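User: I would like to learn how to read strand pairing and salt bridges from a set of coordinates. Please take one feature at a time.

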Amino acid sequence: MNQTQSSITQIGFWAVLLIGVFAWAPATYPGYWQGLEGFLPVFNVTSNGPVADIGQLPDLWRGSGRGTFLLAQPLVALGGGAIGAVRLSFIIAFILGGLGTYIWLRPRFGDRSAGLAGLIYMLMPTFLATVYVRGSLGDALVMALFPVIMAGLQLFVIERSPSAIGVAVLSQLWLWRIQPGLALFVVSFAFLFILLVEQDMLTLLAIGMCTVAGLLSLWPYWSIYAPSSIIFHEHFVYFFQLFGNQWKVAPSIPGWQDGYPFQLGFVVWGFGLISLWAWWQSTGQSTRQPVGTHRFLWFMLGAAALLTLLSLELSNPLWQWSQAHRLLTYPWQILLIASLPLAVLAGAMVFLLPALQNPAYWAGTLAIVVLSSHPYLTTQFTDYQPNERPIAVYGARQEVLLLEAEIVQTEGEATAQVEIAWQALQPMDFDYNVFFQAIEDENGATNVVAQLDTQPVQGTRPATSWAVGEVITDTYSLDLSDYYSSGKDASNLQYHLGYYNWTDGSRLMVRESITGIHDNKLVLYGR
Amino acid sequence: MGDKAQKSTVIHNQVHNDIHNNESRERDSLFWLTLAFTVFAIAPFLLPGYFWGANDARHHVYFLFEFDRVFQDGVWWPRWSPDFAFGYGYPFFNIYGPFSHFLAQFLFRGLNLSYTGAIEMVFVLSILGSAASMYLFVRSWMGRQAGMVSALVYVYAPYHLLDLYVRANLAESMAFVWLPLALWTARNAIRTQAFRWVLGLSLSLAGLLMTSQLVTLLFAPLFGLYLLIVWIHYTPVKPWVDLNVPGWTRILPWVKSMLAPGLGLLGALGVSCIFWLPMVLERNDVRVDQWFDGRYGYQSNFVYFFQLFSPTWDFGVSVLGPDDRFSFQLGVVPIILSIVGLLLIWQRTPQIGEPLRWELLTFVAVGVGTTLVMLQPLALLWELPVIGGVLGAAQFPWRWLTPATLCFSVLSGLVMHPILTPIEQKATSSQLTFPLFVTIAVIILGSYPLLQVNIIEPAEGPVSLVGLMRFQRSSDELTGSTRWVKEIPTWSPMAEYYESQAQANPDGPIEPVNSKVDYSVLDYDQETGFVIDSLAHNTIMEEVWYFAGTDDRRIIYEHFYYPGWRAYLLDGEHGEPVEELEIIPEEQGTLGRMTVPVPKGEGHVLLRYEDTPPRRVGRNVSLVAIGALLMSGLVMSLRKQL
């Protein structure tokens, strides 16, 4: 490659790097966003378990492994806040994803086509939803490392570069420690790609060995299992949803009225179809594509189609038969894997129609890529700054994170007040009452001194109205005047806080974050 | 010179010849097509009704209302707005660029448009003018297609649309017209030294200064740097090249090459002297604390990085913090076209030539620089002595989006630079090619969702004096005061008078007050009393007859004091001034009203708003400058014919 070619190749690279800022700019908001996973990535940065367990039931295959926080932990160790570290991890995920795609495709498609594909990948609704709707750091990093692995393998096939295979191997090993369920799909894709497209035995061997190493590294944690609270087969995507344009922070619910954005985006469909048309046209013309192009495109088309089909209900028997549903929480997570071949097909448009390399056309296609995703580049931000850990988690399905609860006893006013902030992690199925009780412990016998039972936020925010990820604050006050007037010492009081079903009195179970105590109420002490 | 360098020079010259040939052709269809494509930006102004929901939409209607009130009283250069501050008056156009409202006044009276229609028409003209000026500027060095792209990016840039539809800032929108014109004329003045460019530079800079002094300050760093770069790179003589030649023979021609732009600058200062000299010298007599402290302080108005890229777009004023719904986006299309254009053109550096490269670098540096200074991490710069002063002129950091938008619009045109055009398309480089069409479509569609105005009914009722009073009370706007005012009023007898008229007859006309004398001081004691009767009154004068039983009586006027107000004792009713009376700003109370001590006995007093020495000097300098420019133009024209 001569110097001119070398400098030309940088245009796509710089376009991905500079224009990609649109994808990650929302993550620079000075706070965090109220995604479906709430503050869980922030809380789990400093947890020590092999699989994240704060606010979620640890599961080896579906959960977030320690590798999820590998980027964030050094920053936290250096004194940076957990929120900033997680945000930076998301930003790096976008950049890795875009540049990985570019580096993978550049040798085959050339600079501008690879640049286009890289940008498409960064701005794909699936990627944006993973970050700004779900707030799932694990899945975002899987999307980031997937193209990096492909780029490493591709360069190793072409150049036999040790550093390239090194990057691919390390990325793959890292992937296994992020989310083994999705990792299995990524590795399968890479394996089949090398087997069917590149047909390079040495690379296949590297993938195989790496897979064995990755699985062995998981061996000690094989028993970490938790039943999913999601019924897998109820969450298949409806075909029309792949073409939708709605965008909101909403949890996935069964049925066709699901509010979660499943669309693949205008660019994937539009550019992808043009690519397929141009490819079809080129097969009948004398101009020949470089060797292996057809095989490459066939593989991408097949992979994209198959993986997309796996998100639809018609694939349910296959999931059930293979037991692969055990690997993912939702079937639509497979679209994260499908995103890469779909972006490749869309980005191939400029390669298959060289006229589009005209500066104006190319700039126009890049602009269309950003414009088509621009409305999605915002989210429900919050400037709430949580503590290092939540106080407790309510509900068997880990429904509610209690972010903050502080009791203030005021002797002058003879009151006890609790200020709480909480975040729903699941849609609530009942309008639970809040109970707040002052309990006196006298020689082992407990006595309720004062109590409050109410709907949250003066009845304005019943539990079923809580949006998943939303941070809600409220204050409850108990009148302790009788207690104080009897001359008793308020330091003996403890306070119970929780939620209960007002029709039958049953309480939501609560797990205290630090002590791990399971009970039907949270016990607090005043100051 | 090697083969490669020779080849580059040849290509460079070819490109410039292409551009020059294109430019010199008489019919430029792309220019008209560019203007035609602004129709999508203009269309919202053609909706029935008026966009009262925009931030300053009301202000400009009432600016015009006041402008016309004074104009109707025979003042051709209004400086005093008699009904602002609830009727106590404010020297608004003495400190605020009046150009847009001159234009609006012309449309209002000349074309018999309504107040709102005239203001909307000025907005429309600003859109057309900004497209035309950017087209002309970019066409002169990048060709017609690039000119069209830059012009449309300039019109449809989110910040420009924000100025138009959300902020409804007439002066800043109109300033968008002058910025490219100033760059264009300055560039050509240096390169050609021709008088027409001197004239153009004078008028465009004077126009800018008289449109918005704020934008002039924001534009100054870019203009200065650009002038310097063009001067260094387009002047044939380079004093630093042949150091063996004596210093003065090297430096003199180089300095002489700055004569044309220097004259242009002087001409601009001369033509606009009528505005800027009083503005500078009398600005301190106006209170500005309410516009720069607290919520208006720059410290709490920095832009967050993500906001530069956010799709958020909403009506309303900017609020503090990152959850502001006010849009600060740079725009998808301007950013992408600029980046791609730069990346592509940079590869061909040898072909585009050193001067063009430096010109582009100027726009990159200023575009990026002005974007960065809006962000909190560079807040430190705002604290520095000189730089902080320049930056602080913006009041709100996000106002630096004006030069940033200008720079990114210029750079956007690069994607259609002739050097990037394939050889087979060279012949059509002045036509609407398909790549150009696609680019235009992307530019317009990229901003299409933003092309909307907020048309609502005015809460204060139709445009009238009572409407003005109600607006001031509900919004605390248009309540500026002079430095003698200790407390900004919240209501006034004049406002009460208008409101009572409206209450008595809701659909009837609202008549202006026929006197602004405070009659509460009257005393009917036959010996020591004090009686006043207004004989004539308009927006800038009042003549009264008085009888003062003692020599310590003062006439109190319901006007804030400000330089220019003068009082005279007349030799009879409607007579000639025989003695100037002292005006003493009220010592008691908080309003700083004018009081005029009158001699004992009976007499006639005239209070009149006049030109101060700075205003007279400014006016005369402007007349001389305009005369000199016209004369020079005539002489040049005659010399050419001879």
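Analyst: We will go through a sheet and then some salt bridges. Keep in mind that this is a predicted model.

User: In what order do the strands of the open sheet in chain A lie?

Analyst: In general, strands of a sheet pair through backbone hydrogen bonds, either parallel or antiparallel. Here the open sheet has 6 strands, in the order S8-S5-S4-S3-S10-S11 of chain A, and the pairing is antiparallel. Strand S8 (471-479) and strand S11 (518-519) of chain A each have a single partner strand, so they stand at the edges, and one side of each is left without a neighbour in the sheet.

User: How many bridges join strand S3 to strand S10 of chain A?

Analyst: Strand S3 (residues 392-394) and strand S10 (residues 510-512) of chain A run antiparallel and are joined by 3 bridges. In this pairing, A:Ala392 is found opposite A:Glu512 of S10(A).

User: Now the charged groups. How many salt bridges does a search of the whole structure find?

Analyst: The general idea is that side chains of opposite charge can pair when their charged atoms come close. Over all chains, the search finds 31 salt bridges. One of them is between the side chains of B:Arg399 and B:Glu172, at 3.1 Å from N to O. This pair links distant parts of the chain, 227 residues apart: B:Arg399 lies in the loop between helix H20 (385-392) and helix H21 (401-412) of chain B, and B:Glu172 lies in helix H10 (residues 170-192) of chain B.

User: Are B:Arg399 and B:Glu172 buried or exposed?

Analyst: Both B:Arg399 and B:Glu172 are buried. They also belong to a network of salt bridges that links B:Asp163, B:Arg167, B:Glu172 and B:Arg399.

User: Which parts of chain B are linked by the salt bridge of B:Glu587 and B:Arg554?

Analyst: The side chains of B:Glu587 and B:Arg554 meet at 2.9 Å, N to O. B:Glu587 is in the loop between strand S6 (584-585) and strand S7 (593-597) of chain B, whereas B:Arg554 is in strand S3 (residues 554-560) of chain B, 33 residues apart. B:Glu587 counts as partly exposed because its relative accessibility is 47%. B:Arg554 has 28%, so it too counts as partly exposed.

User: Why does B:Glu610 count as buried?

Analyst: Buried means under 20% relative accessible area, and B:Glu610 has 16% relative accessibility, so it counts as buried. Its salt-bridge partner is B:Arg608, with the closest N and O atoms 2.8 Å apart. B:Arg608 has a relative accessible area of 30% and is therefore partly exposed.

Notes: Residues numbered from 1 in each chain as written. Chains lettered and ligands numbered in written order. Predicted model: local features only at pLDDT ≥ 70, side-chain atom pairs only at ≥ 80, totals over all residues. Heavy atoms only, no water. Pairing = 2+ DSSP bridges. Helix = DSSP H or I, 4+ residues; strand = E, 2+ residues; numbered from the N terminus. Salt bridge = Lys/Arg side-chain N within 4 Å of Asp/Glu carboxyl O. Buried < 20%, exposed > 50% of the residue type's maximum accessible area, 1.4 Å probe, protein only.
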